[in-house]
Amino acid sequence: MTDPTTATQPAPDAAALTALLQSELAPALSDGALALDADVVAAHSADTALFCPAEGAVALVRARSTEDVQATLRFAHAHHVPVVPQGARTGISGGANAVPGCILLNLAGMDRILEVDAAEQTATVQPGVINQALKDHLREHGLAYPPDPGSVAISSIGGNVATNAGGLCCVKYGVTRDYVRQLKVVLADGSLATLGPRTAKGVAGLDLRGLFIGSEGTLGVVVEVTLRLVPQLAPPLTAVATFPSEAVAAGVVAEFMATGARPSMVEMLDGATLGMLNDYGDFGLDAGAGAMLLVQSDGSGDPASAQREVEEFARIAEEAGALDVGFTDDPADSEAMVATRRLAQPAYEKYAMAHGGGQLLDDICLPRARMAEFFERLAEVRAESGATVAVVAHAGDGNLHPAVFFDAGDPAEVARAERAFEQLMELGLALGGTITGEHGVGYLKREWLARELDPATQAMHRAVKQALDPLGILNPGKMLAALDG
């Protein structure tokens, strides 16, 4: 399509824009919020994705208030200047990357927890609040915010809303969308909209709140979030099982979940990942295993229910030929196992740096019953590409994260890695899945979004974008840019 992110009128040239930024925008912002230094701007111009352009930003606004965001978008709208909203920039799809001539609008400094309402079980926060910081703050209130992406310690609530992030316990407790009561959003023209009620129920009007969750900064900029909370989660029982192959482990997950089980966590690590973790921290994991499953059940507060659930998992695992199955009800042991799982990405980074620096991390989501077939066919991708492919998964949801490693300095290896990445995406769609479960589309997967969505759905996306951002200034060239039209 003609990208609705393309302005209908050209923006000022670089010199004129710099002058306008200094004369018009800077006085409307908090002191020091506007940065024009080229090195500072460049340092904020990308997230962690590979193969995504990130050049050409002319300015950085470090927003400290809703008013800063409004002033920036009013200026951008008046002068047809693209704006790229950002949070902690921990994404891996290029969604926060600069585009030519843009203003980077960074909200990491808007990091206050504004209110915790214990009676209503809600928290109202600014978008820059780090997910783990919110969790820690809520403990003193006896409350919890369940969504827990692998980047929980470094990713922001605003970014989690932008990509509808999930995480390790979403198999039972759901994803970000399930916890958003209300959003305050600055629209492309600088106006402020409040979407959704703070009440537990409310059906007045369309669910515009849901429209913005997962929109990756293409429709507006979230400046405040009211989140639904739950009582502090009960300590879980933990089971760990190892298997001769990934496909066997995946089959166990599908069979276990088909019993109606409600585990609070079902995570999978393949043999390559186990080896990389041992190299990273000498965790003593079974590097000879083809895969490991980490399963937790909190029984919704009932220890007997939790015990029955992990015992049922163990029975299914043993009947399927598990190499080993173990249990623990020690909270310290459980936390250590989960902490090890969260270190998979740092372990990947260490491995990548020792093998040429290249890593492409995918994020497909499949029907659970198709996961075993995915792993059987993954062997073909590995053999054809010659690349090392390691996999971690939120297996209870069918959300797989294959990582392709390669020498970034070798053009032939880069080409093979890119082809392997494409084959994984193709395989995910062929098995009835989706191109992203939680990492977002960004720049990296924009062509693939067009393959997943049917023509009528693409048309609806274009219509929404045109209605909310007619000048096409919000995060151009990213999620919606490749839709037909």
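Colleague: How many salt bridges does the count come to?

Modeller: The count comes to 19 salt bridges, a salt bridge being a side-chain nitrogen of Lys or Arg within 4 Å of a carboxyl oxygen of Asp or Glu. This is a predicted model, in which local features need pLDDT of at least 70, side-chain atom pairs count only at pLDDT 80 or more, and totals for chains, interfaces and linings use all residues. Residues are numbered from 1 along each chain as its sequence is written, and side-chain values use heavy atoms, with hydrogens and water left out.

Colleague: Which residue forms a salt bridge with Asp-362?

Modeller: Lys-445 does, with the closest N and O atoms 2.9 Å apart. The pair links distant parts of the chain, 83 residues apart.

Colleague: Are Asp-362 and Lys-445 buried or exposed?

Modeller: Both Asp-362 and Lys-445 are buried (buried means under 20% relative accessible area, exposed over 50%, partly exposed in between, with a 1.4 Å probe and protein chains only).

Colleague: And Arg-315, with which residue does it form a salt bridge?

Modeller: With Glu-312, at 2.7 Å between the closest N and O atoms. Both lie in helix H10, three residues apart; helices (H or I, at least four residues) are DSSP runs, numbered from the N terminus. Arg-315 is partly exposed at 34% relative accessible area, and Glu-312 is partly exposed at 25%.

Colleague: Turning to H3, how many of its residues are buried?

Modeller: 10 of the 14 residues of H3 are buried, so H3 is largely enclosed by the rest of the structure. Among them are Leu-73 and Phe-75.

Technical notes. Helices (H or I, at least four residues) and strands (E, at least two) are DSSP runs, numbered from the N terminus.
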